[in-house]
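User: I am new to reading protein models and would like a close look at a single part of this one. Could you pick out a part and show me how it sits among its neighbours?

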Amino acid sequence: MRRREMNVHLKSEERLSILRAEDQFRRWNSLDDERFCIVCEKKFNGRQIEIRSFTNGKHQLHCPTEACRSGPHQWVYPGTPLVSDIVDPDWWGAAGSEPQKLSGLSDQTQFQRQDQV
Ligand SMILES: [Zn+2]
């Protein structure tokens with residue numbers, strides 16, 4: 001079994017920030033938080049999630065399972081499948097409703113593969 005290395009080497013806090021910014025459906029308390037992908041039915045944690053960057057500085061989260069193209073909206077908390085979670089507005093209030101982009105982050109992190117939108 002060959003596993004392609006597609007994740008950038010982000011610092012933990014950078015990775016967590018990206019997860020929080022891009023996953024507007026559920027909250028991330030740490031990179032050890034787990035998600036269950038309803039598409040491929042696999043469980044993974046924040047460290048395993050594939051983060052891709054685009055040339056416009058945006059990031060996109062992908063299921064770590066190869067050939068699975070699901071995104072954050074298809075990931076649920078393990079143990080609570082298919083229950084729609086209400087995002088706590090208080091929690092998001094600190095960051096605002098718009099996803100916060102990390103300025104300067106994309107300059108120093110090079111991805112092996114860059115997808116075009
Ligand atoms: Zn998946």
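Analyst: Of the 117 residues in the chain, 15% are buried. A residue counts as buried if 20 or more other C-beta atoms lie within 10 Å of its own, as exposed if 12 or fewer do, and as partly exposed in between, with C-beta atoms placed from the backbone. Please keep in mind that this is a predicted model, where local features need pLDDT of at least 70 and side-chain atom pairs count only at pLDDT 80 or more, while totals for chains, interfaces and linings use all residues. Residues are numbered from 1 along each chain as its sequence is written.

To get your bearings, the chain has three helices and five strands, arranged along the sequence as α-β-β-β-β-β-α-α. Here helices (H or I, at least four residues) and strands (E, at least two) are DSSP runs, numbered from the N terminus.

Let's look closely at helix α1, which spans residues 12–22. Its buried residues are Arg15, Ile18, Leu19 and Glu22. They lie on the same side of α1 because they cover an arc of only 100 degrees around the axis, the arc being that of the directions from the helix axis to the C-beta atoms.

What do the buried residues of α1 pack against? Their partners are β3 (50–53) and β4 (59–62). Two residues are in contact if their C-beta atoms, placed from the backbone, lie within 7 Å.

Ile18 and Leu19 also belong to the largest nonpolar core, whose seven residues include Trp28, Ile49, Ile51 and Leu61 as well. Such a core is a set of buried Ala, Val, Leu, Ile, Met, Phe, Trp, Tyr and Cys residues joined through C-beta atoms within 7 Å.

β3 and β4 run antiparallel, joined by four bridges; strands are said to pair if DSSP finds at least two bridges between them. In general, strands of a sheet pair through backbone hydrogen bonds, either parallel or antiparallel. In this pair, Arg52 has Gln60 as its bridge partner, and Glu50 stands opposite His62. Five residues separate β3 from β4 in their hairpin, and Gly57 in the turn has a positive phi of about 90 degrees.

Each strand has two faces. On β3, Ile51 and Ser53 form the covered face, while Glu50 and Arg52 form the uncovered one. On β4, His59 and Leu61 are on the covered face, with Gln60 and His62 on the uncovered one.

Finally, a word on confidence. The chain averages a pLDDT (the predictor's confidence in each residue, from 0 to 100) of 76, and 61% of the residues score at least 70. Over residues 92–97, pLDDT stays under 50, and this is also the case over residues 103–112. Where pLDDT is low, the predicted coordinates should not be read in detail.
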